[in-house]
Amino acid sequence: MDVSFEEAVEAEKERLVSRPFTEIERETKAKRVAWLQRNGQSGDISPRRAFETLFFDCMRLDRRKLVVRDEGPDAISWESHDPCPTLAACESLGLDTRIVCSQVSDKPIQSFLSLLDPRLRFVRDYGHLRPHEPYCAEAIVRIDLEALMSVAIEEARRSLAEGNKGYGAVVVRGTTMLARAHDTAGTEGDPSLHAEVNAIREAVRVGGGSDLCGAVLLSTCEPCPMCSSLAVWANLTTVVYGASIATTARLGKRRITVDVAEIAAHSPTLLEIIPGVLEEQCLDLYR
């Protein structure tokens, strides 16, 4: 049965004050994933098709309230003016939408898109978010995971040339590369300076804040528990890697054999894992 907007706002207020954000986030993801499994999609999924499937078919938003600003084969961006129960609830409760959306809303949207095509990425402009601005600026873009991993491989080769261990990492948000880096633990004498640590630190500096919601970390090798935990604390949305901890350990690399999926399973927020991108090229670094 449909409920009024006012009833939806009251329900959202109750949910935000009575339940942990992580529980709300996971529940929202489960609902979106269940809808998609019931109403599956097939074929090439463009950003436009993903946009319409999520917001109009699944979430049943008013088409007139999502105003498309720009569109191409690999991206669609829009202004969101829809009556939003979460926005109204946050205003009533004195909560900051920049915090609530990054901890509750964005990753379930990404989970939905990743089932359609993991290259599709949801991007919300946190500098242009209601009620701080007249509308929310949002987009869906398609990124090239293989091309980005190739950049990480270039960084790993730089690492080897410098006398380090040969790991590379990249952080992107949408189509913007926030950071590219390699491990410098050997040359700088600091065991914490893994490629992922260096990349996340640079991304935080460039991005202007410690919350990297919406960003993707790509690494030539599966992040160790330290780096995986840092990805959680930085609120990264996705970790993509080439070679796994288990495989590189069999090749003789010293590894702590706790994989990123285990860290994600114990995370207070969702962390998507995409393994095996350019796996053989990455393994060539460690053979």
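**Getting to know this predicted chain**

The chain holds 12 helices and nine strands, where helices (H or I, at least four residues) and strands (E, at least two) are DSSP runs, numbered from the N terminus. This is a predicted model, in which local features need pLDDT of at least 70, side-chain atom pairs count only at pLDDT 80 or more, and totals for chains, interfaces and linings use all residues. Residues are numbered from 1 along each chain as its sequence is written, and side-chain values use heavy atoms, with hydrogens and water left out.

Q: Why does the radius of gyration agree with a compact globule?
A: The radius is taken over C-alpha atoms, and the globule rule is 2.2 Å times the number of residues to the power 0.38. For 287 residues a compact globule would come near 19 Å, and the chain has 20 Å, so the two agree.

Q: What makes strand β8 mostly covered?
A: Buried means under 20% relative accessible area, exposed over 50%, and partly exposed in between (1.4 Å probe, protein chains only). In β8, residues 238-243, six of six residues are buried. Across the 287 residues of the chain, 51% count as buried.

Q: How do you know that β7 and β8 pair, and in which sense?
A: Two strands pair if DSSP finds at least two bridges between them. Strand β7 (residues 215-221) and β8 have five bridges, in the parallel sense. Val-216 stands opposite Thr-238 in β8.

Q: What counts as a contact, and how many contacts link residues 24 or more positions apart?
A: Contact means heavy atoms within 4.5 Å. Of the contacts with a separation of 6 or more, 61% join residues 24 or more positions apart.
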